[in-house]
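Here is a short report on side-chain interactions and backbone features.

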Amino acid sequence: MQETKKNKITVIITSYNLENSIAGCLDELLYQTFKDFNILIFDDLSTDNTARIISEYQKKYPEKIKLLSAGKNLGTPARARNYVLNSGAVNARYCIFLDGDDSIEPHFLEQLYLNAVKFDADVVLCSYNRVDGKTGHVYGVEMIDFPHIIEQPAQTAISAFINGSVWNKLFLSERIGETRFPNITVGEDMLFQQRIYQKCNRIVCINQVLIHYKVHKYSVMECTSEKDAKQLVDEFASMSTEAGSNQTADIVELLAFIHAGLSMTIRVNSSNKKESKQYIKSTSRYFNEAYGWFKDNKLFKLKSLRQFGKKGYAVYITKKLYSMGFINLFLLVYKMFTKFTKREIKF
């Protein structure tokens, strides 16, 4: 029996009730300048016409598209992506995870793949912008002006400033191996990729906006609860224990503050002011008891953080305010900044 030809890239898409956007996502993939890829779509038992639309595309492009389903609703992107990774259907050299409502440039896959091959990269990522799903307003451009090549990412602080989402990254499949997304609601992408960085030799960054992330007012990312954020704090506690006492441990501490202390605090505060107070209180206690407010971590020194520009300064200032009990001052300034500039800074 002749072996089926393997593609160079597998594109993994998870979908749930995306009848207004899934066709556009598939069209943009099918019109990519790079052609040597296949698409695995996991539909989490959508209740609208999403599955029917995907089935129509699958019939039209049977060699290109495969639809997967668990036969029950798994409820979260983490479980859905893990289902695909455990299915045995991912057999390409590289893979990428996309959301079914994001928009990509025609040369998105081509640029990621060419850089992966040319520079023997374990992970290739690109710049992106955050766009209002209804109005098209651009809230900000991220991952711009990053170093082109990052060697041994697990040993350098810059890995803590890489955006936490997986949809702008091409992964060497063998580096994923048995690594899976943790079963939490927010921050699972970031934890997944940080564990992969532990196994990587080289990351390549493309200084071009190749993907447009659509922001929706009532998405999980925009409606983060105190309970959701607390799960992330617990995951960082496990990572800290695994890291022990070395340079990697210092980076895990920096990650914990950036994502649990800064990013999640902003999200919870935007969603629920009452829950925000409780989250700040519990997270402050955690940072104090587990890390002693990072006093022995050289990565929190100003001379270390300033190399990361405005985000580095934001980490330095907010850590000071957090430890003194004045984090609400930062939240007020941040709220005013986003209101008047209609721009956001994401970590």
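## Charges and rings

Lys64 sits over the face of Phe37, 3.9 Å from the ring centre. The model is a predicted one, and every value below is computed from it.

Side chains of opposite charge can pair when their charged atoms come close. In this model the count is nine salt bridges. Three of them are set out here.

| Salt bridge | N to O distance |
|---|---|
| Asp99 and Arg81 | 3.0 Å |
| Arg202 and Glu151 | 3.1 Å |
| Glu174 and Arg175 | 3.2 Å |

Take the Asp99 and Arg81 salt bridge, at 3.0 Å from N to O. Asp99 belongs to strand E4 (residues 94-99) and Arg81 to helix H3 (residues 77-86), so the pair ties together parts 18 residues apart in sequence. Is Arg81 buried or exposed? Arg81 is buried, because its relative accessibility is 2% and the cut-off for buried is under 20%.

The Arg202 and Glu151 side chains form their salt bridge at 3.1 Å, N to O. This pair links distant parts of the chain, with Arg202 in strand E10 (residues 202-215) and Glu151 in strand E8 (residues 149-151), 51 residues apart. Arg202 is partly exposed at 23% relative accessible area. Glu151 is partly exposed too, at 42%.

In the Glu174 and Arg175 salt bridge, the closest N and O atoms are 3.2 Å apart. Glu174 is exposed, with a relative accessible area of 55%. Arg175 counts as buried, at 18% relative accessibility. Shared partners also build a network: salt bridges join Arg81, Asp99 and Asp189 into one.

## Aromatic pairs

How many aromatic pairs are there? The count comes to 26 aromatic pairs. One of them is Phe97 with Phe192, an edge-to-face pair with 5.8 Å centre to centre and 85° between the planes. Phe97 is in strand E4 and Phe192 in helix H6, so placed that the pair links distant parts of the chain, 95 residues apart. Phe97 and Phe192 are buried.

An aromatic cluster is also present. Its members are Phe257, Tyr286, Phe287, Tyr291, Trp293, Phe294, Phe300 and Tyr322.

## Helix H9

Helix H9 covers residues 273-291, which is 19 residues. From first C-alpha to last, H9 reaches 26 Å, close to the 27 Å expected at 1.5 Å a residue. Its buried residues are Ser276, Tyr279, Ile280, Ser282, Thr283, Ser284, Tyr286, Phe287 and Tyr291. Tyr286, Phe287 and Tyr291 are also members of the aromatic cluster. Just after H9 comes Gly292, with a positive phi of about 55°.

Leu45 is not a glycine, yet its phi is positive, at about 55°. Leu45 is in the loop between strand E2 (37-43) and helix H2 (50-60). With 38% relative accessibility, Leu45 counts as partly exposed.

Gln152 is not a glycine either, and it has a positive phi of about 45°. Its place is the loop between E8 and strand E9 (169-172). Gln152 is partly exposed, with a relative accessible area of 41%.

Where is Thr179? Thr179 is in the loop between helix H5 (173-176) and helix H6 (188-197). Thr179 is buried, at 13% relative accessible area. Its side chain makes a polar contact of 2.7 Å with the side chain of Lys199. Leaving out residues up to four places away in sequence, Thr179 touches Leu85, Phe192, Arg195, Ile196 and Lys199.

Leu191 lies in helix H6. Why does Leu191 count as buried? The cut-off is under 20%, and Leu191 counts as buried because its relative accessible area is 0%. With residues up to four places away in sequence set aside, Leu191 touches Pro182, Ile184, Leu232, Glu235, Phe236 and Met239. Lys274 is 83 residues from Leu191 along the chain, and their C-alpha atoms are separated by 27 Å.

Definitions and conventions
Residues are numbered from 1 along each chain as its sequence is written. This is a predicted model: local features need pLDDT of at least 70, side-chain atom pairs count only at pLDDT 80 or more; totals for chains, interfaces and linings use all residues. Side-chain values use heavy atoms; hydrogens and water are left out. Helices (H or I, at least four residues) and strands (E, at least two) are DSSP runs, numbered from the N terminus. Buried means under 20% relative accessible area, exposed over 50%, partly exposed in between (1.4 Å probe, protein chains only). A polar contact is a pair of N or O atoms within 3.5 Å; within protein, one must be able to donate a hydrogen and the other to accept it, and residues adjacent in sequence count only if both atoms are side-chain atoms. Contact means heavy atoms within 4.5 Å. A salt bridge is a side-chain nitrogen of Lys or Arg within 4 Å of a carboxyl oxygen of Asp or Glu. Rings of Phe, Tyr and Trp (its six-membered ring) pair if their centres lie within 6.5 Å; planes under 30 degrees apart count as stacked, over 60 as edge-to-face and the rest as tilted. A charge sits over a ring if NZ of Lys or CZ of Arg is within 6 Å of the ring centre and within 35 degrees of the ring normal. The expected span of a helix is 1.5 Å times one less than its number of residues.
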